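Have the structure open as you read.

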Amino acid sequence: MDGDPGDVRHPYYLINGRIARSPVTFRGKPGSRVRLRLINAGADTAFLVALGDHRMQVVQTDGTPVEPVEADCVLIGMGERYDVIVTLKDGVFPLVALAEGKSDSAFAVVRTSSGSMPPPTTRPAQLTGTVVGGRNVASLTAAQGHQLEARTVDQDIPIAMTGSMVGYQWGLDNLAYNPKVPLAVMTSGRRVRLSYTNTTMMWHPMHFHGHSFAVGGPNGPRKDTVMVLPGQTVTCEFDTDNPGQWVTHCHNAYHEEAGMIGVLAYRA
């Protein structure tokens, strides 16, 4: 991804709470089809995830099915989730989550037979293959029955991610967070299009509470968190079918805490 990779270089990156020198081992049988549920629970780090010597079939993102897509690896921003299916081969294989831009990784092992464990510094060739996620997420298509119904957009809401590392000031539309003053007021029962525009030099995983949105248009993947790269605009459509005061914020916890958070509100 473009831009600064984050603010913190952590001493360890974990998979299911285990450091790379003492990895968790997942066991299976050769030839079996396995669903891996990949969740980025980090605060400041995106991960490029690959299973050595295997291809992945991406079938779900943020809890909603997509039309299956083949990939070598998946790029997952903070707060994002991807489900992938793999057909296990015979042997011992590294499951690597490479910390984007930070030259370190989380590490686990998938074992289907006897054999020596790969070293925790392993970098599978799949990490340089076909990627799903990040800038190309809009190329995914929501599965049949999960697409947003096509209809006219009733309201456009542009939101700019603003700020910089200078003074560590982050915000939305150059505004300080005020829960009593919404970024926008909506009306129940309408189709709304959010346009997230990143004016900063860092990427931001933008999350919206209380709803799922279709990235790029009604047939796009249904998500609640989307990566927005520097200089990029990502459009997201949703229906106002869950009245309330809902925050949208960057899922980099440090950016959110510094002010990259705002409220979208509507009544029944």
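Start at cysteine 250. Its sulfur has the sulfur of cysteine 236 as its closest cysteine partner, but the two are 14 Å apart, which is too far for a bond. To count as a disulfide, a pair of cysteine sulfur atoms has to be within 2.5 Å. Keep in mind that you're looking at a predicted model. By that cut-off, the count of disulfides comes to 0.

So is cysteine 250 buried or exposed? Its relative accessibility is 0%, so it counts as buried. Cysteine 73 also has 0% relative accessibility, so it counts as buried too.

The largest pocket holds about 530 Å³ of space. It is lined by 23 residues, and the closest to its centre are Leu14, Ile15, Asn16, Ile39 and Ala97. Which elements give two or more residues to this lining? They are strand E2 (33–39), strand E3 (47–51) and strand E8 (92–99). E2 gives the most, with 4 residues. Sort the lining by class and you get 16 nonpolar, 5 polar and 2 charged residues.

Next, look at the second largest pocket, with about 150 Å³ of space. Among the residues lining it are Pro11, Tyr12 and Tyr13, along with Ile19, Ala20 and Arg21.

Conventions. Residues are numbered from 1 along each chain as its sequence is written. This is a predicted model: local features need pLDDT of at least 70, side-chain atom pairs count only at pLDDT 80 or more; totals for chains, interfaces and linings use all residues. Side-chain values use heavy atoms; hydrogens and water are left out. On a 1 Å grid over the protein atoms alone, a cavity is a set of points where a 1.4 Å probe fits but cannot get out, and a pocket is an open set with protein on both sides within 12 Å along at least five of seven lines; lining residues have an atom within 4 Å of a point. Grid points are joined across faces, edges and corners, and a volume is the space filled by probe spheres set on the points. Ala, Val, Leu, Ile, Met, Phe, Trp, Tyr, Cys and Pro count as nonpolar, Asp, Glu, Lys and Arg as charged, and the others, Gly among them, as polar. Buried means under 20% relative accessible area, exposed over 50%, partly exposed in between (1.4 Å probe, protein chains only).
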